[in-house]
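Please read this briefing alongside the sequence and the 3D view.

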Amino acid sequence: MTALELRDVEYSYRRNVALRGVTLTVASGEVVAITGASGGGKSTLLHCAAGILQPDSGTVRVDGQDLSALTEEERSKYRRSRIGVVLQFGQLVPDLSLADNVALPLLLDGHSRQAARTSAIEWLDQVGVADEAEATPAELSGGQTQRAAVARALITGPAVVLADEPTGSLDSRAGQELLDVLLKATRDRGAALVMVTHDNLIAAVADREVRIRDGVIQHEVRLT
Ligand SMILES: Nc1ncnc2c1ncn2[C@@H]1O[C@H](COP(=O)(O)OP(=O)(O)OP(=O)(O)O)[C@@H](O)[C@H]1O
């Protein structure tokens with residue numbers, strides 16, 4: 001089943017053209033690494049796929065839903081439940097505990113505080129930081145907070161997880177561990193995983209590598 005489909009997506013920052021007609025289809029359960037030199041358009045592609053940026057033209061479908069067909073309010077609700085996002089760092093709310101950070105998407109979707117926290121603590125356990133549930137991000141390592149970011153991205157059961165340099169702020173060992181957690185969590189749930197990376201480690205575990213340059217997909221390599 002197709003989890004994510006970008007068709008002829010174009011995006012410009014004022015006169016700076018970042019994507020020049022990108023078409024990409026990712027199946028449920030597939031792991032795709034987006035690679036390429038700096039400035040090629042990797043992050044812009046990810047932000048369009050996440051519904052954070054609206055393409056100037058072309059369509060983005062997540063789990064069959066055309067994001068541009070939704071109102072802004074519908075889109076943000078859809079994004080929250082069907083799209084998980086993991087960034088390089090700094091994604092968690094600094095004043096909230098890990099448990100409250102991870103519970104947040106469920107609270108915003110109207111779940112009770114107790115149900116949201118119970119689920120958050122289960123998720124923190126799955127990503128290996130349940131003992132740190134009541135600590136705030138500043139009290140923890142980069143690897144621990146990134147694990148919580150993975151839990152927060154997955155707690156709503158998204159069809160697609162989009163990760164922008166998820167291991168970029170970590171040393172190689174913590175990076176490898178985070179990658180293992182991210183791959184397992186998405187595979188267990190059959191979600192598609194699309195990761196932007198400079199890291200060969202990530203490209204090596206992906207099913208497919210998509211290289212982008214000057215806003216165009218330069219080539220795709222199936223790795224498995
Ligand atoms: N907020 C912005 N305003 C104007 N131009 C931007 C903005 N963000 C990105 N760009 C430009 O869009 C193009 C694509 O940038 P993008 O960040 O998507 O590339 P990238 O491949 O992710 O780069 P990097 O690997 O350095 O993160 C570049 O020319 C960049 O300068």
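Predicted model: local features only at pLDDT ≥ 70, side-chain atom pairs only at ≥ 80, totals over all residues.

**Glu165 and the overall picture**

Glu165 is buried, because 20 other C-beta atoms lie within 10 Å of its own. Residues are numbered from 1 along each chain as its sequence is written.

**The annotated domain**

- The UniProt record, an unreviewed entry, places the feature "domain: ABC transporter" at residues 4-223.
- UniProt positions follow the numbering used here, feature names are shortened, and annotations may be inferred rather than shown by experiment.
- Over residues 4-223 the chain is 37% helix and 28% strand, and the end C-alpha atoms of this stretch are 19 Å apart.
- Helices (H or I, at least four residues) and strands (E, at least two) are DSSP runs, numbered from the N terminus.

- Two strands pair if DSSP finds at least two bridges between them.
- Strand 1 (residues 2-13) runs antiparallel to strand 2, and nine bridges join them.
- In this pairing Ser12 stands opposite Val17 of strand 2.
- Strand 1 and strand 2 form a hairpin with two residues between them.
- Strand 1 also runs antiparallel to strand 4 (residues 57-62), joined by five bridges, with Arg7 opposite Thr59.

- An open sheet is formed by six strands in the order 6-7-8-3-9-10, with mixed pairing.
- Its edge strands, strand 6 (83-86) and strand 10 (216-222), each pair on one side only.
- On average, neighbouring strands of this sheet are turned by 20° against each other, direction ignored; axes are lines fitted to C-alpha atoms, for helices over the stretch in contact, and angles run from 0 to 180 degrees between N-to-C directions.
- Strand 3 (residues 31-35) and strand 8 (residues 192-196) run parallel and are joined by four bridges; Ile34 stands opposite Val196 there.
- Strand 9 (residues 208-213) and strand 10 run antiparallel with six bridges, and Ile212 has Ile217 as its bridge partner.

**Positive phi angles**

- Most residues other than glycine have a negative phi.
- Glu165, although not a glycine, has a positive phi of about 50°, and it is found in the loop between strand 7 (160-164) and helix 6.
- Arg14 is not a glycine either and has a positive phi of about 50°; its place is the loop between strand 1 and strand 2.
- Arg14 is exposed, because 5 other C-beta atoms lie within 10 Å.
- Asp214 takes a positive phi near 50° in the hairpin of strand 9 and strand 10, which has two residues between the strands.
- Gly110, which follows helix 3, has a positive phi near 95°.

**Helix 3 and its cover**

- Which residues of helix 3 (residues 98-108) are buried? They are Leu98, Ala99, Asn101, Val102, Ala103, Pro105 and Leu106.
- What covers these buried residues includes helix 2 (72-82), helix 4 (113-126) and helix 5 (142-154); two residues are in contact if their C-beta atoms, placed from the backbone, lie within 7 Å.

**Around the ligand**

- The residues around the ligand are Tyr13, Asn16, Ala18, Gly36, Ser38, Gly39, Gly40, Gly41, Lys42, Ser43 and Thr44; a residue is near a molecule or strand if its C-beta atom, placed from the backbone, lies within 6 Å of it.
- Strand 2 (16-27) and helix 1 (42-49) each supply at least two residues of this shell, and helix 1 gives the largest share, three residues.
- By class, the shell has two nonpolar, eight polar and one charged residues; Ala, Val, Leu, Ile, Met, Phe, Trp, Tyr, Cys and Pro count as nonpolar, Asp, Glu, Lys and Arg as charged, and the others, Gly among them, as polar.

- Leu87, in the loop between strand 6 and helix 3, is buried because 20 other C-beta atoms lie within 10 Å.
- Leu87 and Thr167 are 80 residues apart along the chain, and their C-alpha atoms are separated by 8.8 Å.
- Arg173, found in helix 6 (residues 172-189), counts as exposed because it has 9 C-beta neighbours inside 10 Å.
- Arg173 and Leu201 are 28 residues apart in sequence and 11 Å apart in space, C-alpha to C-alpha.

Notes:
Buried ≥ 20, exposed ≤ 12 C-beta atoms within 10 Å, placed from the backbone.
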